[in-house]
Amino acid sequence: MLIKMLQQIGTGVRLTYLPFSICLIVSCGGAVEPNNTNSSSSSGGAPPAALNLEKSDCDDPGLPFEPGKIQRLTPSEYQNSVQDLLGVKYDAKKLFPVDKEAHSFRHSIYVTDAHSEEYQNAAEAIAESAVKKVNAVLGCDLIKNGAGPNTVDEACVKGFIDSFVNRAFRKQASSELLNDLYDLFVEEKELSSPKEGIQAIIEVVLQSPYFLYRNYSSGLQNNLDLNVLASRLSYLLLGTTPDAQLLELAENGELAKPAVLRSQVDRILATEASRRHIAEQFFARWLEVDHISSDRDDLSEETRNATVEAAIQYIVDHAWQEGGVETLLTAKTLTVNSGMAELDLDAANGTTNDENRVGILTQPAWLINHASSAETAPINRGIFIREALLCQGVPTLPEGEVMFPEPEVGVSMRQRLEAHREDPGCAVCHRVFDPMGLAFENFDNKGHFRLEEWVGQPIDASGEIGGLTGGIYSFIDARELMEVIVDSPELRQCVARKWFKYAYRQVAKDTQMSCREKELAEALALPNGFATFISAVASYTSFLHEK
């Protein structure tokens with residue numbers, strides 16, 4: 001019966017005892033055909049409600065912006081979903097194969113043999129763990145009070161199946177499927193025990209492509225199925241399966257109303273879970289503070305992990321303040337935790353005022369990531385600012401080995417870079433990014449603030465930055481540089497571009513992106529700018545409609 005159920009609902013993995021290929025890649029031609037009806041239409045009612053929001057000036061039919069049709073849950077999304085559905089903690093981020101990067105963000109489509117095996121192992125381990133606290137998972141008593149050991153509460157089991165499957169599949173399951181799952185429970189109960197029956201249901205559901213894949217395509221022309229929209233919103237803003245409130249609004253058609261949609265976006269964004277998720281999955285990856293490489297073997301793993309955690313907490317604390325991205329990039333604060341003691345930063349745990357700091361780029365995680373174990377890396381720091389903050393490309397590095405002057409006592413990093421730029425071929429590139437990197441020379445390779453690189457040799461962090469609206473700007477240090485950058489339209493448009501890439505997992509055409517960037521970049525200048533910006537994107541026509 002278990003094998004039959006796996007075949008019936010479609011499994012996203014190759015099971016060792018099943019000789020069929022991955023449904024999504026082979027049998028289904030690369031796509032899952034989602035249920036295009038809400039619960040009312042499955043019983044012969046009206047078709048699902050569709051969104052009909054006023055289009056922006058950018059929604060030219062000749063410039064389609066198509067979200068990806070399907071996307072496999074990332075390890076983080078899988079882990080969050082399982083915990084929300086069953087209350088089971090499973091370290092998918094550690095145990096699952098690492099996904100590829102897409103435009104600096106995790107992107108999941110294909111299933112490898114390694115994924116297949118791990119999905120089966122995960123489903124079995126999670127189901128086994130869940131039934132250890134079966135009544136808590138079900139939300140009721142599996143066995144009727146005062147009854148025999150195998151006398152189950154039928155209403156309890158059916159209620160669990162209905163709620164669990166609907167949330168796991170992120171849509172209303174058919175009555176036929178729910179009945180078949182109950183039959184599976186009964187069969188496994190008779191063969192083994194009631195707990196084994198619940199365990200079998202969990203294993204089947206967690207190996208279905210309707211759980212493992214986020215179905216973007218509804219099969220509807222121009223309009224998006226509301227269940228798909230609920231899923232899209234929840235995974236974008238929370239990184240987990242939609243909650244009961246969001247699914248109910250999708251099922252009854254209320255989510256089609258712009259005011260209801262916006263209120264749901266605002267409700268989710270107000271939660272600590274949403275801010276933490278966006279900090280980890282968007283900001284930390286964009287700003288390159290999501291991890292510290294083990295190449296920094298001068299620091300222990302505990303210190304590296306704690307430093308990353310401090311950076312994420314810094315983002316949570318600052319990105320949602322009234323200044324939004326501007327506050328994140330310019331706040332005069334430092335966040336430290338007890339796990340960072342090895343860095344000896346001479347700062348109290350928590351977030352404290354520090355006049356020497358200037359936003360996330362002067363937090364230890366970013367400074368360490370853009371340095372080596374031996375010295376700072378102003379070239380890497382400058383390239384990051386050009387590419388990540390301003391979305392400006394840098395010249396292609398020349399082929400062959402490029403010699404950089406070795407460290408020498410009494411010779412500053414600035415002097416070494418000036419010597420390097422004596423080669424005209426090197427100067428063409430380095431003049432584009434060196435000045436921005438040198439602006440951060442007041443911070444060493446472990447994130448300490450310093451006034452001198454060598455004793456008696458004050459650091460010169462001044463420079464000029466071009467490529468911004470208004471011409472060329474001078475600065476004396478990192479603080480003045482960041483003030484110039486946060487005032488630039490280039491930063492706001494770059495943030496808009498990065499968020500689009502994160503939300504859609506693809507790159508729009510230049511003409512279309514330019515239009516959207518200009519529209520949405522304005523939101524970043526408003527009070528509570530980043531929250532306003534995200535809310536606008538989440539209710540943007542191209543996010544809500546299929547073209």
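I take a pocket to be an open set of grid points with protein on both sides within 12 Å along at least five of seven lines. The model I am examining is predicted.

**Entry 1: the second largest pocket**

I looked up the volume of the second largest pocket and found about 240 Å³ of space in it. I then listed its lining, which comes to 14 residues. Those that lie nearest the centre are A374, E375, T376, R450 and E453. I sorted the lining by class and noted seven charged, five nonpolar and two polar residues.

**Entry 2: disulfide C140–C156**

I searched for disulfides and counted two. In the pair C140 and C156, I read a distance of 1.8 Å between the sulfur atoms. The angle about the S-S bond is 85°, and the link of C140 and C156 is right-handed. I placed C140 in the loop between α7 (134–138) and α8 (154–169), and C156 in helix α8. The two cysteines are 16 residues apart, and the pair links distant parts of the chain.

I checked accessibility for both partners. C140 has 24% relative accessibility and counts as partly exposed. C156 is at 5%, so I class it as buried, the cut-off for buried being under 20%.

**Entry 3: disulfide C391–C494**

The other pair I recorded is C391 with C494, with S to S at 2.1 Å. The torsion about the S-S bond of C391 and C494 is about 80°, so I note this disulfide as right-handed. Which parts of the chain does the pair tie together? I found C391 in the loop between α19 (378–389) and α20, and C494 in helix α23 (residues 489–504), so the parts joined are 103 residues apart in sequence.

For C391 I read 27% relative accessibility, which makes it partly exposed. C494, at 1% relative accessibility, counts as buried.

E288 is not a glycine, yet its phi is positive, at about 60°. I located E288 in the loop between α15 (272–286) and α16 (301–318). Its relative accessibility is 36%, so E288 counts as partly exposed.

D344, also a residue other than glycine, has a positive phi near 50°. I found D344 in the loop between β5 (333–336) and β6 (350–353).

How values were computed: Residues numbered from 1 in each chain as written. Predicted model: local features only at pLDDT ≥ 70, side-chain atom pairs only at ≥ 80, totals over all residues. Heavy atoms only, no water. 1 Å grid on protein atoms, 1.4 Å probe; cavity = no way out; pocket = protein on both sides within 12 Å on 5 of 7 lines; lining within 4 Å. Points joined across faces, edges and corners; volume = space filled by probe spheres on them. Nonpolar A, V, L, I, M, F, W, Y, C, P; charged D, E, K, R; others polar. Disulfide = S-S within 2.5 Å. Helix = DSSP H or I, 4+ residues; strand = E, 2+ residues; numbered from the N terminus. Buried < 20%, exposed > 50% of the residue type's maximum accessible area, 1.4 Å probe, protein only.
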